[in-house]
Amino acid sequence: MCRDISFHSEIQIVTKDFQGIKLAPNLAHYPNDMIHVTCEVLPTHPIVVNRQMLALANMSWGVVPAFIDDPRERQAQRRNYVNARSERVIEDKKSYWYRLRKNRCLIPATGIYEHRKVKGFKNKIPYHISIADREQFYVPALYQVSQEVDQATGEIYNFASFSMLTRGANEKMMWIHNDGDNKHRMPLFLTKEMEQAWVLDDLGDDDMDEIFHYSIPSDDIVHYPVFSIRGGKEQPEGKEKDALYDWGGKLPIYGQEETGPAQPSLF
């Protein structure tokens, strides 16, 4: 699954891709440090959404499971709802995601992060992943607006939350995301045309199903290792978290056979 993303750009860049999209009057309304955004803290992120008109709205990562009655438990369970399997949105009519299938939105990103298990390393190596020839791209998601209770005041308020859509990984992403309970998954990367279609009012179930069957070619994925994205480690030379890090030739290269030590000759 995908739990870390990056939006290392000016927020206004969204207007290049979505003509006429409504932004907040004051851009300070949006988060301003998005080089590394992790779902672990259930962060606020700007989201492209069509609610009678296209707008860029702040939403919180991790859909609230509204079927849980206890307000505290609802919030506690949100980390289990940061990703949604695209295979379940249409095919599983009993799933929570089927109920939300018409609440479609897009997550602006300049990259995502995924970790790879590498032989000889204690910790997994983080990789920055983006789409070739794209300044930024948009990952499809589902959103929900639920009524929540302020635990301090008892006040009821509307709360917007979203979940990123994922699918089975292509060859390159299988190579990168090679370990863990949810290995061999990736975000549902789309073409520009599919991104635009995702937020159309008249997108039907058959159209969505066609989108869910799209798998981005490995050649369209750009990847490189970074130093560290989690924890308090200082980045070398003061670089940003999404900067390429040279591991000194210690990492295997995608597409090249990973071989072990040479075997002695018997002759």
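Q: What counts as a strand here, and where does that place Glu-237?
A: Strands are DSSP runs of E with at least two residues, numbered from the N terminus. By that numbering, Glu-237 is found in the segment after β12 (221-225). The model is a predicted one.

Q: Why is Glu-237 called exposed?
A: Exposed means over 50% relative accessible area. Glu-237 has 73%, so the label exposed applies. Its backbone also has a phi near 60 degrees, a positive value in a residue other than glycine.

Q: What secondary structure does the protein chain have?
A: The protein chain has seven helices and twelve strands.

Q: How do you know that the radius of gyration agrees with a compact globule?
A: The rule for 267 residues gives a radius near 18 Å, and the protein chain has 20 Å, which agrees. Along its principal axes, the C-alpha trace spans about 80 × 45 × 40 Å. Of the 267 residues, 49% count as buried.

Q: Why is Leu-42 called buried?
A: The cut-off for buried is under 20% relative accessible area. Leu-42 has 15%, so it is buried. Leu-42 sits in the loop between β2 (37-38) and β3 (44-50). Its phi is positive, about 50 degrees, although Leu-42 is not a glycine.

Q: What makes Gln-136 buried?
A: The relative accessible area of Gln-136 is 4%, so Gln-136 is buried. The limit is under 20%. Gln-136 lies in the loop between β8 (125-131) and β9 (137-149). Gly-111 is 25 residues from Gln-136 in sequence, yet their C-alpha atoms are 7.5 Å apart in space.

Q: How many aromatic pairs are there, and why is the pair of Trp-61 and Phe-162 called stacked?
A: The count is 16 aromatic pairs. For Trp-61 and Phe-162, the ring centres are 6.0 Å apart and the planes are at 15 degrees, so the pair is stacked. Pairing needs centres within 6.5 Å, and stacking needs planes under 30 degrees apart. The pair links distant parts of the chain: Trp-61 is in strand β4 (residues 54-61) and Phe-162 in strand β10 (residues 156-168), 101 residues apart. Both Trp-61 and Phe-162 are buried.

Q: What makes the pair of Tyr-96 and Trp-97 edge-to-face?
A: Planes over 60 degrees apart count as edge-to-face. Tyr-96 and Trp-97 have 70 degrees between their planes and 6.1 Å from centre to centre. Both Tyr-96 and Trp-97 are buried.

Q: What lines the largest pocket?
A: The lining has 13 residues, of which Asn-123, Lys-124, Phe-227, Ser-228 and Lys-233 lie nearest the centre of the pocket. The pocket holds about 300 Å³ of space.

Notes
Residues are numbered from 1 along each chain as its sequence is written. This is a predicted model: local features need pLDDT of at least 70, side-chain atom pairs count only at pLDDT 80 or more; totals for chains, interfaces and linings use all residues. Side-chain values use heavy atoms; hydrogens and water are left out. Helices (H or I, at least four residues) and strands (E, at least two) are DSSP runs, numbered from the N terminus. Buried means under 20% relative accessible area, exposed over 50%, partly exposed in between (1.4 Å probe, protein chains only). The radius of gyration is taken over C-alpha atoms; the globule rule is 2.2 Å times the number of residues to the power 0.38. On a 1 Å grid over the protein atoms alone, a cavity is a set of points where a 1.4 Å probe fits but cannot get out, and a pocket is an open set with protein on both sides within 12 Å along at least five of seven lines; lining residues have an atom within 4 Å of a point. Grid points are joined across faces, edges and corners, and a volume is the space filled by probe spheres set on the points.
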